[in-house]
Amino acid sequence: MADVLAYAEGCFTGSPGDQVGVELEFLVHDVSDPALTVPIARTTGALAGLTLPGKSVITFEPGGQVELSAPPGALPSAVAALQEDVDQVRSALAAAGLTLGRSGLDGHRRPLRQLHTPRYDAMAACLGEPYGALMMCSTASIQVNLDFGADPFTRWRRSHLFGPALVAAFANSPGPVPWFGSWLSGRQAVWLALDPSRTAPVADVAQAPKPLAAWNGSGSPSTPGRGHPPADWAAYLQTARLMGVKDPDGSYRQTARGPRFRDFRLTAGRPPTHDDLAYHATTLFPPVRPRGFMEIRYLDALGPVAWPVAVAVSYALIVDDEAAAAAARDALAVAGQWSEAARCGLAAPAFRQAAVTAFRAAAAVLPRWGAPPSLIDQVTDYAVRFVEPGRSPAADLLLETR
């Protein structure tokens, strides 16, 4: 029988350092016409035999998106190694007449699933149309994986506190999205339209914001109950809907949308095992997910050039106590406003102010984490171009389509 709370507690242990790992997703387009479907075989053929110096692993999302998953490391070395790998992939694709997309949402093609596995079949059935197909086949993101450090709960709360401001600052997937209208982060609109039992934030810090001092790295509550991250995650696991169950013969059975993990025995005819719970956790996609480290999942893809800015700023705000304390007050003003951040981006004054403060705080501390001048210049240039004028990068994409 799975012990859900014990499993949830384990998700917050195991990475006491300050390393960062990055997973980059990219849409893939034909150079001559971005509206053309690119068969996944064409992409895999272009990348066949490619050896990446940074040791990133290349995989593919259901719609044929390319994903590069880099090994964790110190911030400067992790970013430099992954950038070298991205450049290698770009060159290989260019030789085949292909290019990496610069947006987090495909505005040129209808969703077309090219990978069919039991997991993806179950996901498609569970998430439904049109948003399940859009999420699986037409979106791309930047995922920043961070160690929990010496105080896991503080970093966990910071990752949620700064989330809406970062969503607005890096909104790069302009709609329109069906029935939503135009959003600057259409990718976030898609996620918000999916099953909230598996995509909503685990803990909404805006519901009961703590005193400002609680966000400066000085400590965090350690007793179970509301606001205790492992207990919150355990409750989330229990109430999230089941995507499917594995039968004793090893086959995978999809479940009709409705039963939750707490109903596993009634659904499967047996109590859940630890493996059942661990698999169930992989089918949940909150903005931040604990896995022995933190997965920051709420950032739009920025293309093959600007992504280091999102990694560096997120890292500084969540890992560095000084940066977090400097940016906390303005971030609290927009905490929990995920949908507003995705819809309006930096056009809303409160989000612009939160982002301006966050970028200044991050730039000030990045040197102590070994960030080279080139990376700090990227952060500063991005702030001057987008953040200070109150323009999310989606604004540039919209200009290109007019």
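Because the model is predicted, local features need pLDDT of at least 70 and side-chain atom pairs count only at pLDDT 80 or more, while totals for chains, interfaces and linings use all residues. Residues are numbered from 1 along each chain as its sequence is written, and side-chain values use heavy atoms, with hydrogens and water left out.

The secondary structure of the protein comes to 18 helices and 10 strands, where helices (H or I, at least four residues) and strands (E, at least two) are DSSP runs numbered from the N terminus. The radius of gyration, which is taken over C-alpha atoms, is 20 Å and is close to the 21 Å that the globule rule gives for 402 residues, so the protein is as compact as a globular protein of that length; the rule itself is 2.2 Å times the number of residues to the power 0.38. Along the principal axes, the C-alpha atoms fill a box of roughly 55 × 50 × 40 Å. Of the 402 residues, 55% count as buried, a term that means under 20% relative accessible area, with exposed meaning over 50% and partly exposed in between (1.4 Å probe, protein chains only). Among contacts with a separation of 6 or more, 77% join residues 24 or more positions apart, a contact being heavy atoms within 4.5 Å.

A search of the whole structure finds two cavities of 30 Å³ or more. A cavity is a set of points, on a 1 Å grid over the protein atoms alone, where a 1.4 Å probe fits but cannot get out, and its lining residues have an atom within 4 Å of a point; grid points are joined across faces, edges and corners, and a volume is the space filled by probe spheres set on the points. The largest cavity has a volume of about 180 Å³, and of the 16 residues that line it, Gly63, Asp106, Arg109, Gln114 and Cys137 are the closest to its centre. Its lining has seven nonpolar, six polar and three charged residues, with Ala, Val, Leu, Ile, Met, Phe, Trp, Tyr, Cys and Pro counted as nonpolar, Asp, Glu, Lys and Arg as charged, and the others, Gly among them, as polar. The second largest cavity holds about 60 Å³ of space, and β7 (244-246) and α12 (274-282) each supply at least two residues of its lining, which by class has five nonpolar, two polar and two charged residues.

Val144 lies in strand β6 (residues 141-146) and is buried, with a relative accessible area of 0%. Beyond its neighbours within four places in sequence, Val144 is in contact with residues including Val20, Gly21, Met294 and Ile296. Although Val144 and Arg297 are 153 residues apart in sequence, their C-alpha atoms are 6.9 Å apart in space.

Asp300, placed in strand β10 (residues 294-300), also counts as buried, at 3% relative accessibility. Its side chain makes a polar contact with the side chain of Ser185 (3.0 Å), such a contact being a pair of N or O atoms within 3.5 Å, of which, within protein, one must be able to donate a hydrogen and the other to accept it, and residues adjacent in sequence count only if both atoms are side-chain atoms.

Asp396, in helix α18 (residues 394-400), is buried with a relative accessible area of 17%, and touches Arg385, Phe386 and Arg391 when residues up to four places away in sequence are not counted.

Definitions and conventions:
1 Å grid on protein atoms, 1.4 Å probe; cavity = no way out; pocket = protein on both sides within 12 Å on 5 of 7 lines; lining within 4 Å.
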